[in-house]
Amino acid sequence: MATLPVEEKIAIINHYDANPEQALNILVDLQFASADGYIDQETAQLVADYLGMTETRIYEIISFYAILKEQPQARYVLKICNSSPCHFSGERAVSTGLKQILDVNENETTADGMFMYHGIPCVGACAQAPFVKIKERVFANLTFEKLEALIVDLRAGRYPEL
Amino acid sequence: MDTKTPTQTVTLTIDDQNVTVPKGTTLLKAATEVGIEIPTLCHLKELSPDGSCRMCMVEVEGGRKGGLVTACTAHAADGMVIHTQNKKVRDSRRFVLDLLLSNHKIDCFNCAANGDCKLQDYSIEYGLTGTSFHGRRQPANKIDHSNPFFDYDPEKCIMCRRCSRVCELRQGRDVISIAKRGFDTKMMPSYGEAWDESNCESCGNCVSVCPTGALTAKDHKNYRDWETKKIQTTCPHCGTGCQVNLVVKGNKIVGAEPANGPANKNLLCVKGKFASYKFVGSDDRLTTPLIKRDGQFVEATWDEALTLVADKFTALKQAHGGDSLAGFSCSRSINEDNFVFEKMVRTAFETNNVDNCARVCHSATVHGLAQTLGSGAMTNTIEDITTDVDAILLVGSNPTEAHPVIGSQIRQAVQHGAQLVVADPRKIDLVHNAKLHLQVKGGTNVALANGLMNVIINEGLADEAFIAQRTEGYEALKAMVADYTPEVVAEICEIEPEAIVQAARIYANAKKAPIIYCLGVTEHSTGTEGVMSMSNLAMLVGKIGKPGCGVNPLRGQNNVQGACDMGCSPFDFPGYQKVANQDVVHKFEKAWGTTLNPKIGLTSTQVLPAAIRGDIKGLYIFGEDPIVTDPDTSHVRKALENLDFLVVQELFMTETAAYADVILPGISFAEKDGTFTNTERRVQRVRKAVEPRGLAREDFAVFAEVATRMGQPMAYDSASDIMDEIAQLLPTFGGINFKRLENPNGLQWPCRDQDDPGTPIMHVGEFSRGKGLFMAIPYKPAKELPDDAYPYMMSTGRMLYHYNTRAMTGRTEGINQISDHSYIEINYEDANHLGIKDGDKVKVSSRRGSIETYAAVGDRVMADSVFMTFHFPDGNVNEITNAVFDDIAIIPEYKVCAVAIEPINS
Amino acid sequence: MAANDNVLMARFGQYIDATDVQAYCKQEGYEGLKHVVSLAEPADFLDELDTAMLRGRGGAGYPLGKKWRHLFYSENDPKYIVCNADEGEPGTFKDKALLEYDPLAVIEGMTIAGYMFGSPQGYIYIRGEYRNLHRRFTQALEHARQANFLGENILGVAGFNYDIKIISGAGAYVCGENSALLNSIEGKTGRPRVKPPHLADVGLYQKPTLVNNVESYADVPVIARMGGQAFLDLGTEDGGGTKLICLSGHVKNRGLYEVKLGTPIHEILYSPNYGGGSSTGRPLKFIHFGGQSGPIGGVAELDDCAYSYDGLSAHDLTIGSGAIVVMDDSVNMVDYLTSVAEFFAHESCGKCTPCRIGSLRILETLQLFQRRDAVPGDLEVFESMLTHVTQLSACGLGQSIATSMVSGMALCPDEFEQAINWALPKRQEVSW
Ligand SMILES: Cc1cc2nc3c(=O)[nH]c(=O)nc-3n(C[C@H](O)[C@H](O)[C@H](O)COP(=O)(O)O)c2cc1C
Ligand code: SF4
Ligand code: FES
């Protein structure tokens with residue numbers, strides 16, 4: 001997370017009044033604001049200091065909640081719901097499709113550092129399966145062609161908010 | 001008085017036995033009442049139930065969902081019928097064990113915990129020889145050997161969470177957590193860092209509670225539990241008085257484990273757990289008397305040595321009078337040794353020149369509190385001031401390092417909602433837990449106290465009724481503090497005026513709030529006045545003589561309270577009975593069948609200059625090392641060199657011992673029976689765990705023998721006999737004897753007779769001196785302040801890992817691995833300015849000398865201030881500290897002196 | 001059910017801006033709150049809730065009236081109001097819709113609770129995957145404040161001071177468990193707490209706390225407005241009102257619907273107003289009710305069953321969260337349950353032994369069945385494992401892993417028999 005200047009980190013923490021009740025909001029915001037998409041130990045310590053908690057508790061939180069990451073992530077992480085409603089509605093086609101398009105296995109980052117995909121449990125978009133989710137955005141009712149187009153678009157920077 | 005509703009009880013049946021317990025009792029506890037043991041893995045009796053291992057399942061007849069509940073969490077209810085051993089229960093326990101074994105490295109033969117493992121015990125009890133599962137196991141993990149004292153093997157962890165809960169909730173350090181989730185759950189320091197990279201301070205409490213071989217002491221490799229016996233005794237380090245079990249194999253101590261003492265409740269610090277036993281078996285123990293001949297020590301028989309000692313002292317006494325002799329007693333040794341030592345000095349030496357190291361730490365407390373309250377000791381108990389309090393005022397005390405187990409309990413108090421106010425020039429560790437840090441300039445405690453009192457009086461927060469009924473001298477105090485407005489005090493202390501107001505409010509408004517203080521208050525040229533300021537404060541708000549309140553000095557050494565109680569003091573016979581009082585002298589003359597010198601003696605800090613002057617000619621030092629511990633070393637050296645005859649009784653060849661004419665080998669706490677008195681006036685047993693080495697003898701027997709040879713016959717069969725004599729002579733010890741001390745809580749003096757349960761809280765209803773005395777004390781600056789030549793204000797203190805001269809801790813390898821050299825804490829700002837980086841070698845000088853040490857750059861000290869510990873012979877800080885004294889207690893001003901610092905470029 | 005009969009979705013899509021308080025008020029918004037505030041005895045509303053027979057919509061179906069009464073008479077204060085918007089049950093997305101399309105209804109319900117219990121503070125815990133709803137909900141809260149439906153002296157009632165905070169989750173299903181949720185709000189890791197004590201006595205920050213589901217709160221103003229009896233009449237004797245259902249899987253019209261409790265399941269699956277039948281052209285085989293923690297029923301067996309609490313319980317089934325996951329006959333039960341088991345193994349919080357390790361052992365055993373590597377005796381061992389994990393687990397998560405397994409195995413025993421290689425020697429007996 002060296003990519004995010006410390007003042008910006010502090011601004012995010014203070015936006016939530018450095019309130020421990022908002023620990024998850026703070027951590028997710030910090031993670032989303034950083035290009036490498038994870039919380040490093042230094043940032044965890046910073047959050048801990050501001051929230052009056054120990055780094056250990058912050059780390060426990062980071063390691064517990066699935067959205068929070070303790071390792072650098074690819075630029076775009078494509079999340080595929082693998083809970084049963086989606087699993088039996090074309091999930092596998094999406095993961096095999098992505099494997100084919102990106103030529104990496106689940107949880108591996110592409111050589112250019114751009115992409116990674118992995119399964120996650122239900123995100124409440126069951127009626128739109130198969131889909132992928134990137135940050136907070138759902139790309140619904142995918143086909144192989146749509147998936148290919150999405151990757152092209154992402155490479156081209158068509159979704160700057162992601 | 002609030003009328004308590006009688007506790008409701010419930011009656012239930014457990015395995016066909018009826019039991020009646022208070023409502024809210026867990027089934028686990030109820031079962032214990034009828035002697036039924038239910039297996040547990042995650043349960044820790046000091047903490048609320050965790051309910052995570054699910055081993056303690058029992059069946060409630062007719063209960064929901066099969067009726068299985070965890071005994072550790074379920075509450076007993078009327079009419080319940082419980083089964084703790086039927087098939088259903090046993091099957092469920094087997095299932096839990098089978099699951100645990102399916103993810104556990106089964107390596108019992110190689111495992112240090114073999115024979116000391118609950119998983120092993122229960123597997124045997126429930127007939128499991130292995131697991132029936134074939135599934136995934138946690139990935140092979142490297143064992144983390146990085147901590148100097150213990151190893152962590154994640155593959156043996158059963159995720160009971162005892163370690164992490166102890167670390168977070170009892171030790172208050174919170175180094176390890178149960179991270180991740182599901183099957184991947186793993187106990188580790190954050191981000192999986194190695195143990196030695198984390199902020200672990202090696203207290204080892206996690207190791208003590210680990211039920212398996214996941215966390216094991218490195219030393220545990222050397223023994224199997226069944227080869228050992230465990231001896232409960234009192235820890236030999238600080239004044240907390242933790243109870244510890246020494247693990248003994250043959251005649252060797254191989255480990256230490258926390259015991260459930262009243263002061264520590266199963267906690268220990270790194271010193272207690274890992275550094276309290278190695279020195280006992282150290283190869284460099286003195287094992288035979290030594291006599292210096294032609295500048296060389298040569299071995300001697302006891303008879304030779306004792307004859308020489310007695311003859312020399314007798315000759316000096318005859319030539320120059322008893323007052324030419326003196327003795328320094330050992331506040332690390334047992335009460336019984338101290339008692340006999342001072343008795344030897346007073347009767348055989350015929351002088352009151354006897355003192356102990358309290359002189360250089362807490363004599364100000366003894367004098368200050370005796371004058372204002374009538375008794376110079378902690379007023380309340382450790383448990384009382386850390387369990388249920390609303391605020392804590394911590395002044396000049398760094399318990400995290402100097403009294404670590406009290407430090408943990410203060411952190412627990414904060415976790416339970418107490419507001420902590422720290423007044424300390426340094427950003428000590430507890431500042432992290434504090435509501436407010438008053439980072440006062442060194443030597444300004446009296447001003448601060450006056451400022452707090454000014455606010456309290458002006459805001460109408462004083463306890464007028466208490467003041468009227470129970471105290472005297474208030475008007476003078478009130479008039480005096482009127483000048484100490486927050487603004488004036490803020491200027492003196494170099495803090496914000498608002499902080500003074502806020503601190504005063506927190507303290508005064510709290511229902512229960514103790515003052516806890518330590519050497520930051522006493523080790524000043526105004527030490528006694530600083531102490532009196534503390535009692536002024538407490539009396540002003542009526543927070544004394546009540547639970548959760550009081551004035552609480554933390555005494556430094558394991559038995560410094562006892563050494564003072566036992567009369568190792570030039571002013572006091574045992575029990576603070578005054579030498580100045582004729583009746584007291586007569587009482588002791590009668591008891592000891594001799595005539596006594598009625599003249600008040602010299603303090604240890606006066607004896608040394610007197611030796612330089614030639615007034616003191618013979619000195620008997622029992623277990624002290626003044627060259628290292630006393631201020632201004634070169635002047636100590638000069639004093640010792642100038643003596644005609646010096647006897648040192650010691651465990652090791654110390655720097656001081658090197659100056660002796662005769663060295664007598666002493667025995668350590670682990671080799672003797674006796675008692676220590678901890679900081680809360682609690683007399684606790686010391687028990688012999690191993691036989692002394694070589695020719696070393698019981699210390700009190702040596703003193704008795706010297707006295708006898710000097711014409712004052714004395715003999716004791718045992719420490720217990722000595723305690724009986726103590727009880728006869730000290731009204732406050734009247735009810736104390738070894739039989740009663742078998743009670744795990746020991747006894748807190750005053751304990752006047754056999755029926756007296758002891759006194760946890762002093763000054764209830766009435767002060768020991770009758771009325772509490774307010775002392776109006778104006779602020780005086782420290783005697784030596786920084787100037788252009790010596791621009792930094794230096795203070796000294798302890799660090800966590802070492803204890804005083806390191807005679808004990810320095811013989812534990814792991815401790816030296818963590819910390820083996822002296823250092824000086826310097827603020828970033830000053831370091832920058834001086835061109836010094838962290839770890840650089842620097843020269844520190846004062847008007848008295850200079851030393852070399854290493855810079856520890858940070859923000860613990862404020863700019864213009866520096867701090868050094870006093871543990872290390874390299875860079876011994878006392879070469880440069882100031883031997884100016886407080887006029888009342890004659891305590892040296894260790895906490896303030898002016899120094900200069902320069903980098904050493906190599 | 002005709003759209004104009006809707007009580008929960010009535011305002012969906014009717015606004016330009018769902019956070020607009022004026023527009024909300026024009027469509028019966030805040031009438032419920034006003035009614036409750038006008039009652040001489042707040043306790044009277046508890047009777048109304050009892051009459052309405054509103055059962056918690058989060059999954060467990062515990063009657064709201066009972067829960068509220070317990071809290072009402074709990075003596076400690078302050079009391080906290082918490083809305084469980086962690087919606088993590090796979091196949092469930094109804095709370096998301098309420099938060100998105102009618103946030104003020106949820107706020108109104110929580111405000112009624114705030115009034116009833118004299119609570120100073122409400123919390124809504126929104127799951128991490130719904131963070132995009134925060135902005136809208138924040139705006140709704142802000143508008144409610146501006147209109148004095150939150151803040152001090154609400155509706156001019158002296159001392160009625162109440163506000164609501166949003167708390168975010170970050171991807172942990174177990175945080176939907178009430179006590180884990182409270183831990184998570186307190187800034188701790190969201191692992192469940194030990195019980196007793198009951199949360200109504202010792203909840204958030206050790207204070208009495210009410211936790212209800214989003215839909216439950218949204219139903220509260222409906223009851224206040226139309227009265228308990230009218231609400232009851234929307235449903236059946238055993239559970240009043242309507243229910244939001246989430247159709248997913250192999251039906252044509254996947255999505256969110258509001259149905260009266262008591263609507264035939266057949267209609268839900270096949271009516272063009274609802275599921276519209278199979279999307280794959282293959283016959284529908286089974287339904288998984290209420291998300292992964294719920295039970296599985298056969299489509300054929302449920303042909304004349306009503307979708308109601310009592311209707312389903314006659315078949316040992318439950319409504320749960322309102323998820324209705326429909327699978328066609330291409331789905332083998334062993335495969336389906338393996339997928340369910342994966343979910344639980346992923347979501348176990350890891351605190352207690354039976355769930356931490358047992359959830360994985362269950363998954364592994366199902367994978368064994370999937371590979372046809374199971375030996376005779378494995379089925380019995382599996383069943384025993386399920387019983388132990390259910391009985392020994394500390395919270396609702398571990399306790400409900402077996403629900404789908406047991407019902408699914410009962411439904412398709414042959415598919416499990418086929419998973420066993422009968423030629424292999426029998427498995428050694430286990431000690432439990
Ligand atoms: C593992 C687990 C997850 C749960 N997840 C949710 C959830 O996402 N949303 C919810 O409302 N209730 C959830 N519940 C149920 C809640 O614990 C609780 O019963 C509900 O919030 C109570 O509200 P209600 O009475 O209004 O239904 C879950 C329970 C468990 C054991
Ligand atoms: S049952 Fe599972 S989720 Fe619940 S406490 Fe135990 S491990 Fe955690
Ligand atoms: S001791 Fe009861 S669950 Fe662990």
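**Exercise 1.** In this predicted model, state how many salt bridges are counted between chain C and chain A, and examine the one formed by C:Arg131.

*Solution.* 
1. The count between chain C and chain A is six salt bridges.
2. One of the pairs is C:Arg131 with A:Asp29, with N and O 2.3 Å apart.
3. The cut-off for such a pair is 4 Å, so this pair qualifies.

**Exercise 2.** Describe the side of chain C that touches chain A by element and by class.

*Solution.* 
1. The contact involves 51 residues of chain C and 38 residues of chain A.
2. Across this interface, 23 residue pairs are in polar contact.
3. Elements of chain C that each supply at least two residues include strand 2 (121-126), helix 8 (178-185) and helix 13 (333-347).
4. Helix 13 gives the most, with seven residues.
5. By class, this side has 20 nonpolar, 19 polar and twelve charged residues.

**Exercise 3.** Work out the corresponding description for chain B and chain C.

*Solution.* 
1. Here 38 residues of chain B meet 34 residues of chain C.
2. About 2900 Å² is buried between the two chains, 59% of it on carbon and sulfur atoms.
3. One salt bridge is counted: B:Arg181 pairs with C:Glu347, with the closest N and O atoms 3.0 Å apart.
4. On the side of chain B, helix 2 (87-101) and strand 7 (176-179) give two or more residues.
5. Helix 2 of chain B gives the most, with nine residues.

Key. Residues are numbered from 1 along each chain as its sequence is written. Chains are lettered from A and ligands numbered from 1 in the order in which they are written. This is a predicted model: local features need pLDDT of at least 70, side-chain atom pairs count only at pLDDT 80 or more; totals for chains, interfaces and linings use all residues. Side-chain values use heavy atoms; hydrogens and water are left out. Contact means heavy atoms within 4.5 Å. Buried area is the accessible area (1.4 Å probe) that two parts lose on being put together, summed over both. A salt bridge is a side-chain nitrogen of Lys or Arg within 4 Å of a carboxyl oxygen of Asp or Glu. Helices (H or I, at least four residues) and strands (E, at least two) are DSSP runs, numbered from the N terminus. A polar contact is a pair of N or O atoms within 3.5 Å; within protein, one must be able to donate a hydrogen and the other to accept it, and residues adjacent in sequence count only if both atoms are side-chain atoms. Ala, Val, Leu, Ile, Met, Phe, Trp, Tyr, Cys and Pro count as nonpolar, Asp, Glu, Lys and Arg as charged, and the others, Gly among them, as polar.
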